[in-house]
Amino acid sequence: MHDRLVAVGCNRYQSSANKDTIGSGDKASYEAFQRKLGFTGSAATWPPGPASWAELKVPKG
């Protein structure tokens with residue numbers, strides 16, 4: 001998720017030093033990504049919904 005947020009330009013918040021750990025900065029960056037997609041209010045908050053997750057195109061590991 002972290003690498004994809006960087007790739008789409010939504011990594012402006014400080015995230016965990018470990019890319020495999022979701023921290024508050026990652027959550028804030030994801031919320032910024034959801035707003036970029038046009039989601040508002042509670043639809044733009046963590047956790048991600050299926051539509052925005054699919055749009056981020058995180059590779060399956």
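## Starting with Gln34

A residue counts as buried when its relative accessible area is under 20%, as exposed when that area is over 50%, and as partly exposed in between, with a 1.4 Å probe and protein chains only. Gln34 has a relative accessible area of 1%, so this residue is buried. The structure is a predicted model, in which local features need pLDDT of at least 70 and side-chain atom pairs count only at pLDDT 80 or more, while totals for chains, interfaces and linings use all residues. Residues are numbered from 1 along each chain as its sequence is written, and side-chain values use heavy atoms, without hydrogens or water.

Gln34 belongs to helix α2; helices are DSSP runs (H or I, at least four residues), as are strands (E, at least two), and they are numbered from the N terminus. What does Gln34 touch, leaving out residues up to four places away in sequence? Its partners are Phe39, Ala43, Ala44, Thr45, Trp46, Pro47, Pro48, Gly49 and Ser52, where a contact means heavy atoms within 4.5 Å. A polar atom of the Gln34 side chain also lies 3.3 Å from the backbone oxygen of Thr45.

## The loop between α2 and α3

Phe39 is found in the loop between α2 and α3, the latter covering residues 50-56. With a relative accessibility of 28%, Phe39 is classed as partly exposed. Beyond four places in sequence, Phe39 touches Gln34, Ala44, Ala51 and Ser52. The C-alpha atoms of Phe39 and Leu56 are 14 Å apart, and 17 residues separate the two along the chain.

Pro47 sits in this loop as well. The peptide bond leading from Trp46 to Pro47 is cis, with omega near 5°.

## The nonpolar core

A nonpolar core is a set of buried Ala, Val, Leu, Ile, Met, Phe, Trp, Tyr and Cys residues joined through side-chain atoms within 4.5 Å. Which residues make up the largest nonpolar core here? There are six: Met1, Leu5, Cys10, Tyr30, Phe33 and Leu56. In soluble globular proteins, nonpolar side chains tend to be buried together.

Leu5 is part of helix α1, which spans residues 2-7. Leu5 is buried, because its relative accessibility is 2%. Setting aside residues up to four places away, Leu5 touches Cys10, Asn11, Asp26, Ser29, Tyr30, Phe33 and Leu56.

## Aromatic rings together

Rings of Phe, Tyr and Trp (its six-membered ring) pair if their centres lie within 6.5 Å; planes under 30 degrees apart are stacked, over 60 edge-to-face, and the rest tilted. By this rule there are three aromatic pairs. Tyr30 and Phe33 form an edge-to-face pair, 5.7 Å centre to centre with 70° between the planes. These two residues are three apart in helix α2, so about one helical turn separates them.

Is Tyr30 buried or exposed? Tyr30 is buried, because its relative accessibility is 0%, and Phe33 is buried too, with a relative accessible area of 4%. The rings of Tyr30 and Trp53 are stacked, because their centres are 6.0 Å apart and their planes are at 25°. That pair links distant parts of the chain, as Tyr30 is in helix α2 and Trp53 in helix α3, 23 residues apart. Trp53 is partly exposed, because its relative accessible area is 36%. Tyr30, Phe33, Trp46 and Trp53 form one aromatic cluster.

Asp26 has its place in helix α2, which runs over residues 24-36. Although buried, Asp26 has no salt bridge, meaning a side-chain nitrogen of Lys or Arg within 4 Å of a carboxyl oxygen of Asp or Glu. The nearest side chain of opposite charge is that of Lys27, 8.7 Å away; Lys and Arg count as positive, Asp and Glu as negative, and His and the chain ends are not counted.

The side chains of Asp26 and His2 are joined by a polar contact of 3.5 Å. A polar contact is a pair of N or O atoms within 3.5 Å; within protein, one must be able to donate a hydrogen and the other to accept it, and residues adjacent in sequence count only if both atoms are side-chain atoms.

Lys57 lies in the segment after α3. Lys57 has a positive phi of about 60°, although this residue is not a glycine. Its relative accessibility is 54%, so Lys57 counts as exposed. The C-alpha atoms of Leu5 and Lys57 are separated by 9.8 Å, while the residues are 52 apart along the chain.
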